[in-house]
Amino acid sequence: MYEAVIFDCDGVLVDSEIIVIEIERAELAREGLHYEQGAFIAKFNGLPDKAFRAAVNADAAERIGRTLPDAFFEAAHVAKDKALRERLQPVPGAAAMLSALQAPRAVASSTRKVSLGVKLRETGLWPYLGPHAYSAEEVARGKPHPDVFLHASAQIGAEPARCLAIEDSANGVRAAVAAGMRPIGFLGGAHCAPGHGDRLKAAGAVELIATMAELAERFAALELGAPESAPQPEAPPSPQAADR
């Protein structure tokens, strides 16, 4: 029934969300915008950069009577970029899961295009995904709209209804639902605290999976696709840019 898998990147393949959330909450607190971590994740997790800025500024206008300048967001990007360079790791078991996956696959991410390639290369995951790593920058609308999922499935020649979408954010799950894919909520990122799965279920996730080993077992049970050779890595993009 299912022929392909579309992965989110941050919080699914690479364990970046915990780092990004930490930096963003700290930077916003300095401006007088304080967020409890669960509430922050529920509201902003999975949004592309433009939507994130708009949502933050809507809060800022209401709560502190002003919006934040572009310079604030650019400085936050620099701080996130530095932290990611120093601390970014793949989600445990991601390489083994991708190596065992016997089906076409792609990435559909809210991350900036340049940053997406850097993250996959620096964590060693690029050879398993390579050319089929797509950013919301390449489509008209980011998540929770379905555009990036539909773009990714079209690029690998898979019908959306026959794709599994692996997502860690409510906004991403909503995008997968809107694309007509089967959304699986992934809870293996370090940012996934108790209650995270409930948010994914409420957004439309049809099942929850906690680890890469469980995900690999699920793929095997579904007998997804036929073996494909892993794409060869290309030269890394430059310069590096943090997502969101």
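Entry one, a pair of residues. I began with S109, which stands opposite S135 of β3. A reminder to myself: this is a predicted model.

Entry two, the strands around that pair. I looked up how β2 (residues 105–109) is joined to β3 and found three bridges, with the two strands running parallel. Then I followed the whole sheet: six strands make up an open sheet, ordered β3-β2-β1-β4-β5-β6, and their pairing is parallel. Which strands are at the edges? They are β3 (133–135) and β6 (207–209), each of which pairs on one side only.

I checked what α8 (residues 147–155) lies across, and the list is β1 (4–7), β2, β3 and β4 (163–167). Relative to β2, α8 runs at about 160°.

I turned to α9 (residues 170–179) and α10 (residues 196–203), which pack at an angle of about 25° with their axes 8 Å apart. Angles under 35 degrees count as roughly parallel, and α9 and α10 are therefore roughly parallel to each other. I noted their crossing as right-handed. Which residues make the contact? From α9 I listed A170, V173, R174 and V177, and from α10 R199, L200 and A203.

Key
Residues numbered from 1 in each chain as written. Predicted model: local features only at pLDDT ≥ 70, side-chain atom pairs only at ≥ 80, totals over all residues. Heavy atoms only, no water. Axes fitted to C-alpha atoms, helices over the stretch in contact; angles between N-to-C directions. Helix = DSSP H or I, 4+ residues; strand = E, 2+ residues; numbered from the N terminus. Parallel < 35°, antiparallel > 145°, perpendicular 65-115°, else oblique. Left-handed = near helix turned anticlockwise from the far one by under 90°. Contact = heavy atoms within 4.5 Å. Pairing = 2+ DSSP bridges.
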